[in-house]
Amino acid sequence: MSFTSIPILDLALAKDPATKPAFLSDLRHALMEVGFLYLKNVGIPASVFEQVIEEGKAFFDIPEEEKLKIEMKNAPSFLGYSRLSAEITAGAIDHREQIDLSTTHAEPGPGAPRYEHLLAPNQWPSPAVLPRFRETFADYMQRMGEISIAFTRLIAEAIELPADAFDKYFDKEQQHKLKVVKYPDVGVLGGEGKGGNQGVGPHKDSMLSSYLLQASHHRGLQVQNMRGEWIDCPPITGTLVVAIGQGLEALTQGVCVSTTHRVLSPPAGEGARFSIPFFQGVRMATEFDDLERVGVGRVPERVKDQRRAVLARNGGKRLDDVEFTFRGGGVAKTLGEATLRNRVKSHPDVGERWFPDILASIREEQERERVKKEGKGAGGGAVGDGVSAGTAVEAH
């Protein structure tokens, strides 16, 4: 039977040798059968979470002109403010307003690959309007970066790989990203909301793992089980929601499952939903050839057998609204190139200003795919461009 709820794991149990084996067993179950989990007792004080939520919500109350000073299209980094309904997922508009942030990095040097434009300074709101915002989020991203890499080592142990199996994919100063997101309720959206209640369309995350702080009481995040049913993932105080990305599924030969999920805008009259997802980064210079031919080593057959048993119990396959798109063989040869193309696809206004050639290439691919689908009827496959195929995005 496919899952009907999201498991809750206590990270404190992983720090005690007496309870760590049971924790790893529970983690393996979550990785193989769900691809999502709640994580509590992560080591961040409640006061820090409260300040992060307070500052995050306050951002959306500053004057519009202050937000536009740091609009995403002002820089080629895809960091900064995005207006309501400025991003596209699964071919449809996402009804959300947000700011994208990153751990601290300098501008790329001369001759650097184009994707290194993604490694750049943040566009921070002015301290005149939000004096604690920068300090709060720089500290939080630093804390979360350390937690995410430590948790990835636990994932490795849970599937009987060496704890450091994934370390080769992290830079010494690894970039991680974060969003602060506001989803207005359908009533506030007015005419825009008539197109549907898509806060974020169905998608899978791109890389290894993400960690969501649900910053308001609203439901809205839903996870698709193996029968194709949508399962609520409501806020639980004191937890982060961990989602497994397509990169982890690829590296573990399908043992760790990346699960399709979506966000529905709040119903009219319920007010805005706020969320703060943190996205663990991966070394951008990593080549798809390495991921597919070398990777982290072979997962033991007895572990793979457990995953096969999960599939067998569910009819041998999963009903999934989003195809697995983390693969090479396309235009992009590295994760950095694929990530840049994916960002251009999600934010065509930024692409038009800074990467018009990439945007033109993507539109040509989309047109070829449209013609192909019209010729063959419904169906078709992924564009074949690694994580840039458009269904692997960063949002919760």
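The legends below describe close-up views of one predicted model.

Residues are numbered from 1 along each chain as its sequence is written, and side-chain values use heavy atoms, with hydrogens and water left out. Because the model is predicted, local features need pLDDT of at least 70 and side-chain atom pairs count only at pLDDT 80 or more, while totals for chains, interfaces and linings use all residues.

**Figure 1. The whole chain.** The chain has 396 residues, and 55% of them count as buried. Buried means under 20% relative accessible area, exposed means over 50%, and partly exposed lies in between (1.4 Å probe, protein chains only). The chain holds 11 helices and 15 strands. Helices (H or I, at least four residues) and strands (E, at least two) are DSSP runs, numbered from the N terminus. Among contacts with a separation of 6 or more, 80% join residues 24 or more positions apart; contact means heavy atoms within 4.5 Å.

Figure 2. Helix H1 covers residues 20-33. Its 14 residues should span 20 Å at 1.5 Å a residue, and the end C-alpha atoms are 20 Å apart, which agrees. The expected span is 1.5 Å times one less than the number of residues in the helix. Which residues of H1 are buried? They are Phe23, Leu24, Leu27, Arg28, Ala30, Leu31, Met32 and Glu33. The buried residues of H1 pack against strands E1 (8-10), E2 (36-40) and E12 (239-244), and against helices H4 (133-158) and H8 (301-313). After H1 comes glycine 35, with a positive phi near 80 degrees.

**Figure 3. Helix H1 against helix H4.** Two packed helices are described by the angle between their axes and the distance between the axes. H1 and H4 pack at about 85 degrees, and their axes are 9 Å apart. H1 is therefore roughly perpendicular to H4. Axes are lines fitted to C-alpha atoms, for helices over the stretch in contact, and angles run from 0 to 180 degrees between N-to-C directions. Angles under 35 degrees count as roughly parallel, over 145 as roughly antiparallel, 65 to 115 as roughly perpendicular and the rest as oblique. On the H1 side, the contact involves Lys20, Phe23, Leu24, Leu27, Arg28 and Leu31; on the H4 side, Phe151, Leu154, Ile155, Glu157 and Ala158. By class, this contact has eight nonpolar, no polar and three charged residues. Ala, Val, Leu, Ile, Met, Phe, Trp, Tyr, Cys and Pro count as nonpolar, Asp, Glu, Lys and Arg as charged, and the others, Gly among them, as polar.

**Figure 4. The length and end of helix H4.** H4 has 26 residues and reaches 36 Å from its first C-alpha to its last, close to the 38 Å expected at 1.5 Å a residue. H4 is followed by glutamate 160, whose phi is positive, near 65 degrees.

**Figure 5. Valine 303 in helix H8.** Valine 303 lies in H8 and counts as buried, at 0% relative accessibility. What does valine 303 touch, not counting residues up to four places away in sequence? Its partners are Arg28, Met32, Ile159, Glu160 and Val255. Methionine 32 is 271 residues from valine 303 along the chain, yet their C-alpha atoms are separated by 9.6 Å.

**Figure 6. The loop between E2 and H2.** Asparagine 41 lies in the loop between E2 and helix H2 (46-59), and glycine 43 lies in the loop between E2 and H2. Asparagine 41 is partly exposed, at 44% relative accessibility, and its phi is positive, near 55 degrees. Most residues other than glycine have a negative phi. Glycine 43 is exposed, with a relative accessible area of 61%.

**Figure 7. Glutamine 253.** Glutamine 253 sits in the loop between helix H6 (246-251) and strand E13 (261-264). Its phi is positive, about 55 degrees, although glutamine 253 is not a glycine. At 29% relative accessibility, glutamine 253 is partly exposed.

**Figure 8. Helix H9 against helix H11.** The axes of H9 (residues 335-346) and H11 (residues 356-376) come within 10 Å and cross at roughly 75 degrees. H9 is thus roughly perpendicular to H11. Leu340, Arg341, Val344 and Lys345 of H9 meet Ile358, Leu359, Ser361, Ile362, Glu365 and Gln366 of H11. By class, the contact of H9 with H11 has five nonpolar, two polar and three charged residues.
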